[in-house]
Amino acid sequence: MTSYVIEADGGSRGNPGPAGYGAVVKDAADGQVLAEAAEAIGVTTNNVAEYRGLIAGLQAVLDLGGDGSAVAVRMDSKLVIEQMAGRWKIKNEGLRPLAAQAGSLVRRLRVTEWTWIPRERNKHADRLANEAMDAAAKGLTWTAGGTSGDDGAAKPDRSTGTAKKATQTDTGPQPSTKGSSKSAGQTDLLDTGLSGPTASLASAQQKARPTNTTATGTGTGWAPPARVATSLLLLRHGETHLSLERRFSGRGDAELTAAGLAQASAAAERLSRDPYRLDVIVTSPLKRARQTAQAVAARTGLDVDVCEDLREADFGAWEGHTFTEVQRRWPAELAAWLADPEVAPPGGESFATTARRVEAARERLAERHEGKTVLAVSHVTPIKLLLRQALLAPLESLYRMHLDLACLSLIEYYADGPSVVKSFNDTSHLR
């Protein structure tokens, strides 16, 4: 007998665009609302938001009834319902980790039905998703009941008693099928809130700072860092024929295409201007990164140092193959790799192993170039690993990030405090 009903939804205002999800858990017998969940999740697609809504609903049921609870799942996303029911294949690789996460929760429950419902029957979850997005647009945080706190403090959620904080994830654009929360417009900008690493670079920090005291001389509590930051600018290399064809590109030494050289030149032109004032350029030993680094060096007059530990992860037997080809030839190995960062591709290197050498490189750079602005030219995996380390995020967060070719990100490291991510996936120099 079914005990609970989940109704879940998610939407994106731009697809990709500012996104959020909503989920409601009801008593199957009388329809009483037992729990609500909603969250703004940054810039992503409709389908990602819908999966996130499903995951939130499943977790809420586990929190309410525990393992083995009987639940019916109802959504107005035909794609999510059919994929989770096993009737449709998951063709978008960006959705696979989300489907796997949902699947791990489903295995702890007893799902009695996967049912598509018209949107008008899913108004509650749709309203929650829109409330979360509306709150985020005002700089607020959604709380149960449709209200938003304006003091930045964590507010309790009805089902878990903890605040739900906004996070960001992305996949490629998906067709839009919904109304107010889901727009058919599309954009290549994956982080509209970031215009680029233009503040708090080491050179700018040498300037005098205003004092943080009131008229009576009492401190505000928001003191400036005790020391100048070490600024680490992370530049992904430009396009290669493998990236153009969306093939695994690890230890192979592909060269930049003509478009890739143009991307490197655009990044170099930007980095040669204020406020960057680079002090050091380091690069992965792989040719695509070295070519990108040399373009910057030619504009700035700096030398380029090679750092072996900034090379891309080794994808072993998968090198040069598309995701679809790997899925067909190594289905079990791929599933294990997607589910666990400790698992390596056949003959390759796991994300966990890559993380250890990348962290060693970061420590050396921070020690040798304290207080300076360092440009590190590298690849998707090392850059994601540096970002997730700065955020103290788990290794699984790698599956929730997207980095465009020739994008810039910025991390600042303080000797007396935590690292701070100041910019992510900025490609404004390519527009």
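## Burial, cores and local geometry in a predicted chain

Of the 431 residues in the chain, 51% count as buried, where buried means under 20% relative accessible area, exposed means over 50%, and partly exposed lies in between, with a 1.4 Å probe and protein chains only. This is a predicted model, in which local features need pLDDT of at least 70 and side-chain atom pairs count only at pLDDT 80 or more, while totals for chains, interfaces and linings use all residues. Residues are numbered from 1 along each chain as its sequence is written, and side-chain values use heavy atoms, with hydrogens and water left out.

The chain has 12 helices and 13 strands; these are DSSP runs numbered from the N terminus, helices being H or I of at least four residues and strands E of at least two. Among contacts (heavy atoms within 4.5 Å) between residues at least 6 apart in sequence, 71% join residues at least 24 apart.

### Nonpolar cores

A nonpolar core is a set of buried Ala, Val, Leu, Ile, Met, Phe, Trp, Tyr and Cys residues joined through side-chain atoms within 4.5 Å. The largest such core has 38 residues, of which L232, L234, W318, W337 and L387 touch the most other members. At least two residues of this core come from each of strand 8, strand 9 (280–283), helix 9 (323–329), helix 10 (331–339), helix 11, strand 11 (373–378), helix 12 (380–390) and strand 12 (408–413), and helix 11 gives the most, with 6 residues. Beyond four places in sequence, W318 touches F248, V326, W330, E333, L334, W337, P345 and P346. Another core, of 35 residues, lies apart from the largest one and has V25, I41, Y51 and I90 among its members.

Helix 12 is mostly covered, with 10 of its 11 residues buried; among them are V380, I383, L386, L387 and the charged residues K384 and R388. The cover over these buried residues includes strand 8, helix 11, strand 11, strand 12 and strand 13 (420–426). Just after helix 12, L392 takes a positive phi of about 55 degrees.

The structure holds 1 cavity of 30 Å³ or more, and the volume of the largest cavity is about 50 Å³. Here a cavity is a set of points on a 1 Å grid over the protein atoms alone where a 1.4 Å probe fits but cannot get out, and lining residues have an atom within 4 Å of a point; grid points are joined across faces, edges and corners, and the volume is the space filled by probe spheres set on the points. The lining consists of T230, S231, L232, R362, L365, A366, V374 and Y413, and the elements that give two or more residues to it are strand 8 (230–236) and helix 11 (351–368). By class, the lining divides into 5 nonpolar, 2 polar and 1 charged.

### Buried sites

T283, in strand 9, is buried with a relative accessible area of 0%, and its side chain reaches the backbone oxygen of A289 at 3.4 Å, within the 3.5 Å limit for a polar contact between N or O atoms, one able to donate a hydrogen and the other to accept it. Its contacts beyond four places in sequence include R290, D305, C307 and V377.

H379 is in the loop between strand 11 and helix 12 and is likewise buried, at 0%; among the residues in contact with H379 are R236, H237, R288, R311 and E312.

A8 lies in strand 1 (residues 4–12) and counts as buried at 0% relative accessibility. The C-alpha atoms of A8 and R74 are separated by 6.9 Å, although the two residues are 66 apart along the chain. M401, in the loop between helix 12 and strand 12, counts as buried at 14%; M401 and F424 are 23 residues apart in sequence and 9.6 Å apart, C-alpha to C-alpha.

### Backbone geometry

Most residues other than glycine have a negative phi, and most peptide bonds are trans.

A cis peptide bond, with omega of about 10 degrees, joins D274 and P275, and P275 is placed in the loop between helix 7 (258–271) and strand 9.

How values were computed:
On a 1 Å grid over the protein atoms alone, a cavity is a set of points where a 1.4 Å probe fits but cannot get out, and a pocket is an open set with protein on both sides within 12 Å along at least five of seven lines; lining residues have an atom within 4 Å of a point.
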